[in-house]
Amino acid sequence: GDWTPRIWTLFLAVCSVGIGGTFQYGYNISIINAPTQHIHKFLNETWHSRYGTELSPSILTLLWSVIASIFSLGGLCGAHIGGTVAIRLGRKRALLMNNFLAILASILMGVSFPTGLFELLMVGRFLIGMNTGIGLCVQPLYLGEVSPKNLRGGMVMGSSIFLTGGILTGQVIGLRELLGGEKYWPLLLSSSCFPAFAQLLFLPWFPESPRYLLIDRADEIKCLKALKRFHGPARYQLELEDIQKERIALNGEKPRKPWQLFIDRSIKWQLITVIFMTMGQQLSGINAIYFYASYIFKEAGIPAEKIPYVTLGTGACECLTALTCGLLIDYMGRRFLIIGGYCLMAFWCIMLTLSLTYQEASPWAPYLSMASLFAFILSFGLGPGGITNTLTAELFTQSSRPAAYMVAGSVSWLSFFIIGMLFPFIVNGLKQYCFVVFLLECSLVASFLFFIIPETKNKSFLEIKREFHKLNFGGSSKEYEGELCERSHLSNEF
């Protein structure tokens with residue numbers, strides 16, 4: 001009987017954390033697509049009224065790229081301070097304070113149109129980026145720390161589900177009938193204050209992470225209260241023992257700083273793998289497909305007024321695959337899904353290039369290019385989309401994990417920024433052959449992962465570390481086991 005209310009509490013906790021965390025990220029990536037033309041017009045008019053000259057196309061492309069991409073520079077800053085804020089203020093307070101950034105950003109973006117200052121639009125995009133950068137860092141920390149072991153996978157996948165839900169919501173609200181019209185784009189961009197208000201309303205009802213309270217704050221009374229809320233009066237004792245053990249084990253090792261990971265030989269290949277996977281995920285062409293989906297659909301010959309509805313399909317598609325991946329990840333294994341995902345993506349890049357090349361030549365080509373586009377998104381969601389984050393958690397032990405997330409976050413945002421700045425120029429230069437670039441990238445990542453990563457399903461963190469020992473030190477894993485045995489003999493003698 002005590003199990004049901006507790007599942008309910010955990011579910012609501014995921015929702016109230018997700019709405020101001022990964023939901024904001026997905027939402028703000030996708031709402032920028034709808035008002036592209038209106039913002040171009042706004043930039044042209046502002047420039048003309050200010051300087052009395054026409055805005056040249058190359059400067060227009062540059063300004064637009066900055067508005068779309070400065071978001072990711074904000075995210076980069078957020079990723080850098082997220083971990084520190086979570087340690088200083090606590091997970092819950094960090095998430096709550098973070099919403100004020102989103103509200104400030106909304107005000108600035110809303111005001112930019114009536115005042116005719118497009119610079120405010122850039123500042124607002126930067127701040128909302130910073131908000132999502134902090135959210136993407138703190139949210140998995142909070143969820144991972146409050147969830148019981150048997151539900152951890154599902155709760156962490158909750159992040160991906162909210163992210164794709166955010167993308168979908170942004171696409172729906174960006175429809176012309178709602179806020180996508182020319183009059184309403186400032187409202188559309190400032191609508192990201194609503195998820196922030198929602199989190200400020202709901203999150204205070206949930207306790208702080210019990211692990212943080214006991215290990216970082218040494219506050220046993222609050223920790224017990226929180227545990228009873230999350231785990232029910234019958235089960236909280238087990239969870240408390242777990243946290244006590246962790247507290248004792250961490251007695252020796254402080255959480256590491258990101259730069260300390262680069263000099264430790266025992267995690268060399270894990271770090272290389274995470275950096276490679278994260279870059280691979282961002283540069284695989286998936287952001288390109290989202291940033292410029294309407295461009296591809298226009299090339300595919302879909303009439304302009306139908307495009308937003310087709311884009312909705314892509315969002316719904318990714319939302320479904322996030323759910324599917326959550327169900328398959330423990331059944332089919334990480335390695336199979338992520339390598340398979342990249343191989344399929346490489347294949348769909350070939351199909352996209354071919355179909356866009358023979359666009360005029362045959363009546364079926366536009367439909368093939370759309371099908372390939374959707375297939376690409378499905379392959380991404382099943383493989384790299386959901387699994388990169390899970391593997392980041394699994395390849396490291398407790399003391400290196402937060403630092404690994406900071407490194408991965410920084411790499412991720414940097415790659416996101418680079419692709420946002422370069423893609424308009426790549427498309428203008430290469431036209432449909434831009435997907436050849438992504439084809440090469442996906443094949444490269446697939447072959448790298450094929451040779452490097454072991455299957456991590458159902459393995460303890462130490463077993464995974466043992467698999468990497470051969471790569472890191474060039475010896476066999478037998479030596480590593482010997483070393484472990486010696487250590488345990490020594491500690492037994494003490």
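1. Ala218 is partly exposed, with a relative accessible area of 48%. This alanine sits in the loop that joins helix H11 (210-216) to helix H12 (220-249). The phi angle of Ala218 is near 55°, a positive value in a residue other than glycine. Most residues other than glycine have a negative phi. The model is predicted, and the backbone at Ala218, with its phi near 55°, should be read as a feature of that prediction.

2. A positive phi is also found just after helix H5, where Gly116 takes a value of about 70°. Helix H5 covers residues 91-115. Its 25 residues should span 36 Å at 1.5 Å a residue, and the end C-alpha atoms are 37 Å apart, so the span agrees with the expectation.

3. Within helix H5 lies Asn98. Asn98 counts as buried because its relative accessible area is 4%, and the cut-off for that class is under 20%. Leaving aside residues up to four places away in sequence, Asn98 touches Asn131, Ile134 and Gly135. 

4. Helix H6 takes in residues 118-146, 29 residues in total. From the first C-alpha to the last, H6 reaches 42 Å, close to the 42 Å expected at 1.5 Å a residue. H6 is mostly covered, with 23 of its 29 residues buried.

5. How many cavities of 30 Å³ or more does the model contain? The count comes to three. The largest cavity holds about 780 Å³ of space. Its lining is made up of 37 residues, and those nearest its centre are Tyr25, Leu136, Leu163, Gln281 and Asn389. Elements that give two or more residues to this lining include H6, helix H2 (22-31), helix H7 (152-173) and helix H14 (268-283). Helix H15 (286-291), helix H17 (307-332), helix H19 (365-394) and helix H20 (401-430) are also among them.

6. What is the make-up of the lining of the largest cavity by class? There are 18 nonpolar residues, 18 polar residues and one charged residue.

7. Helix H2, one of the elements that line the largest cavity, contains Asn28. Asn28 is buried because its relative accessibility is 0%. A polar atom of the Asn28 side chain lies 2.8 Å from the backbone oxygen of Gln24. Beyond residues up to four places away in sequence, Asn28 touches Phe71, Arg125, Ile128 and Ser192.

8. Phe206 is placed in the loop between H10 and H11. Is Phe206 buried or exposed? At 9% relative accessibility, this phenylalanine counts as buried, since the class takes values under 20%. Phe206 touches Thr9, Leu12, Ala13, Ser16, Lys92, Tyr142, Arg229 and Phe230, when residues up to four places away in sequence are not counted.

9. Phe197 belongs to helix H10 (residues 193-202). Phe197 is partly exposed, because its relative accessibility is 42%. Phe197 and Leu96 are separated by 101 residues in sequence and by 9.7 Å in space, C-alpha to C-alpha.

10. Leu320 lies in helix H17, an element that gives two or more residues to the lining of the largest cavity. Is Leu320 itself buried or exposed? Leu320 counts as exposed because its relative accessibility is 57%, and that class begins over 50%. Leu320 and Tyr212 are 108 residues apart in sequence and 33 Å apart in space, again C-alpha to C-alpha.

11. Glu177 is found in helix H8 (residues 176-180). With a relative accessible area of 53%, Glu177 is exposed. Which side chain does the side chain of Glu177 meet in a polar contact? The partner is the side chain of Tyr309, at 2.4 Å.

Notes. Residues are numbered from 1 along each chain as its sequence is written. This is a predicted model: local features need pLDDT of at least 70, side-chain atom pairs count only at pLDDT 80 or more; totals for chains, interfaces and linings use all residues. Side-chain values use heavy atoms; hydrogens and water are left out. Helices (H or I, at least four residues) and strands (E, at least two) are DSSP runs, numbered from the N terminus. The expected span of a helix is 1.5 Å times one less than its number of residues. Buried means under 20% relative accessible area, exposed over 50%, partly exposed in between (1.4 Å probe, protein chains only). On a 1 Å grid over the protein atoms alone, a cavity is a set of points where a 1.4 Å probe fits but cannot get out, and a pocket is an open set with protein on both sides within 12 Å along at least five of seven lines; lining residues have an atom within 4 Å of a point. Grid points are joined across faces, edges and corners, and a volume is the space filled by probe spheres set on the points. Ala, Val, Leu, Ile, Met, Phe, Trp, Tyr, Cys and Pro count as nonpolar, Asp, Glu, Lys and Arg as charged, and the others, Gly among them, as polar. A polar contact is a pair of N or O atoms within 3.5 Å; within protein, one must be able to donate a hydrogen and the other to accept it, and residues adjacent in sequence count only if both atoms are side-chain atoms. Contact means heavy atoms within 4.5 Å.
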